[in-house]
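I opened the model to look up how the strands pair and what surrounds the ligand. My entries are below.

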Amino acid sequence: MVVNLCGMRNMHPPENPEHTKLRDAVRDFADREIAPHIASWDRQSRLPVDVVHQMGELGLFGLTAPEEFGGSDLGLTGLSIAVEEIGRVDQSVGITLAAGVGLGVGTLLAYGTQEQKETWLPDLVAGRALGAFGLTEPGAGSDANAMATTAELVDGQWVVNGAKQFITNSGTPITSVCTVAARTGTAADGSPELSAIIVPTDTPGYVVEPLHDKMSWRACDTHPLRFEDVRVPEANLLGVRGNGFKQLMTCLNTGRVAVAALATGCIQAMLELTVEHAGVRPTFGGPIGRKQGVAFQIADLEVMLQASRALTYRAAMLKDTGAPLDEFRRASSVAKLYATESAVTATRIAAQVFGGYGVMEDGPIARFYRDAKVLEIGEGTSELQRMLIARGLGLPVE
Ligand SMILES: Cc1cc2nc3c(=O)[nH]c(=O)nc-3n(C[C@H](O)[C@H](O)[C@H](O)COP(=O)(O)OP(=O)(O)OC[C@H]3O[C@@H](n4cnc5c(N)ncnc54)[C@H](O)[C@@H]3O)c2cc1C
């Protein structure tokens with residue numbers, strides 16, 4: 001069974017004609033090329049690279065990139081539209097795109113030199129290659145400053161040693177590059193000096209461990225990584241030495257909006273499926289949608305959908321219109337927190353409305369239910385978002 005359409009078009013954010021064209025094209029692509037296959041990819045924990053190439057041909061990996069590098073410059077609004085529409089059909093393919101653009105392309109676009117951009121972006125933007133982003137470690141997740149991976153400058157080369165955990169898109173046959181956060185020294189105040197280093201994945205010592213066996217996003221490629229004396233040229237420093245933490249956190253703001261869009265797509269799917277099911281599933285002489293106990297839960301889905309969508313596209317609009325970083329940062333955390341927690345609630349409601357069919361793996365609800373949970377964890381947990389929002393309000397929260 002694949003995601004059913006019931007012809008609903010929900011309120012959409014203000015979109016320009018190009019954005020609307022993009023939404024229609026991606027929805028059509030997702031229904032045609034992803035929906036029929038995703039249950040099997042999920043079961044096999046595998047995403048065929050052909051789908052990445054197809055998304056590349058549609059221009060989806062270049063939505064935030066300028067024309068100079070093969071992109072269409074449709075901004076974070078454009079990326080959010082594409083991720084939402086893919087996410088409405090499947091979350092694994094959605095996060096593959098969101099991370100590929102937000103973290104793979106995004107870090108290089110934001111901080112790369114012209115030469116670094118010319119080297120890496122054309123293939124990443126075309127979907128011929130994927131880029132990964134290595135921040136999390138076995139001993140350092142939310143507290144990224146506690147990372148142990150080091151990069152030492154020796155004879156004009158960075159020598160990277162350490163390990164990363166849970167890295168999306170890091171081990172596919174087309175992954176070309178990983179931006180690795182590492183300690184490059186100690187700052188004047190005694191805190192770790194963190195920098196970002198561009199590591200081509202064919203560098204000797206870049207070790208991709210076997211896939212994580214995940215409950216969520218099973219068809220997305222996620223691996224632990226090890227770096228054993230990985231040597232790259234000094235020129236592979238991304239941005240400014242010692243600014244790695246700030247740089248990567250800034251990129252995460254963009255990534256969080258993409259995750260909010262993914263959550264919005266999940267809620268949209270739950271709404272469409274439950275409205276259809278409640279209209280036809282009979283109990284006690286009529287469809288379950290006649291019972292207030294069911295209909296009111298579905299009404300709540302519509303509220304969550306509209307609010308999540310509004311928050312997501314407000315954050316995207318702030319980024320695209322060059323709003324002050326503080327304002328954008330807070331809006332991205334608010335959108336990520338609200339939309340992802342709503343997606344978890346939405347999948348719980350949908351599973352309840354579907355009864356026994358909601359927990360069967362031959363239908364889509366169970367997959368969305370498993371997938372929704374990780375939305376509250378990846379790219380900063382709900383607790384981290386609350387911490388950032390509270391700090392943005394001037395509270396002295398630790
Ligand atoms: C499928 C998947 C894909 C991922 N992809 C990537 C990737 O591509 N690149 C990458 O770098 N990382 C990636 N991550 C890592 C992800 O960002 C981390 O899992 C996340 O930041 C949380 O870190 P942690 O898992 O170490 O949990 P921890 O930091 O150990 O947190 C455990 C719990 O403690 C809570 N907590 C921690 N500190 C506080 C605090 N100060 N106040 C209140 N509560 C707190 C957390 O909210 C959480 O509930 C991915 C993770 C998953 C599951």
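The entries start with conventions, then go to the strands and on to the ligand.

Conventions. I am working with a predicted model, in which local features need pLDDT of at least 70 and side-chain atom pairs count only at pLDDT 80 or more, whereas totals for chains, interfaces and linings use all residues. Residues are numbered from 1 along each chain as its sequence is written, and side-chain values use heavy atoms, with hydrogens and water left out.

Strands. I took strands as DSSP runs (E, at least two residues) and helices likewise (H or I, at least four residues), numbered from the N terminus, and I called two strands paired if DSSP finds at least two bridges between them. I found β2 (residues 150-154) paired with β3 (residues 157-168) in the antiparallel sense over five bridges, with E152 opposite V159 in β3. In their hairpin, which has two residues between the strands, I noted that D155 takes a positive phi near 50°. I then followed β3 to β7 (residues 222-233), where the pairing is antiparallel over nine bridges and A163 stands opposite R226.

Ligand shell. Counting residues with a heavy atom within 4 Å of the ligand, I have 18 around it, the closest being T136, S142, F166, T381 and E383. β3 gives the most to this shell, with three residues.

Polar contacts. I looked for pairs of N or O atoms within 3.5 Å. A ligand nitrogen lies 2.8 Å from a backbone N or O atom of F133, and a ligand oxygen is 2.9 Å from a polar backbone atom of L135. I also found a nitrogen atom of the ligand 2.8 Å from an N or O atom in the side chain of T168. The elements that give two or more residues to the shell are β1 (130-134), β3 and α11 (382-392).

How values were computed:
Polar contact = N/O pair within 3.5 Å; in protein donor to acceptor, adjacent residues only side chain to side chain.
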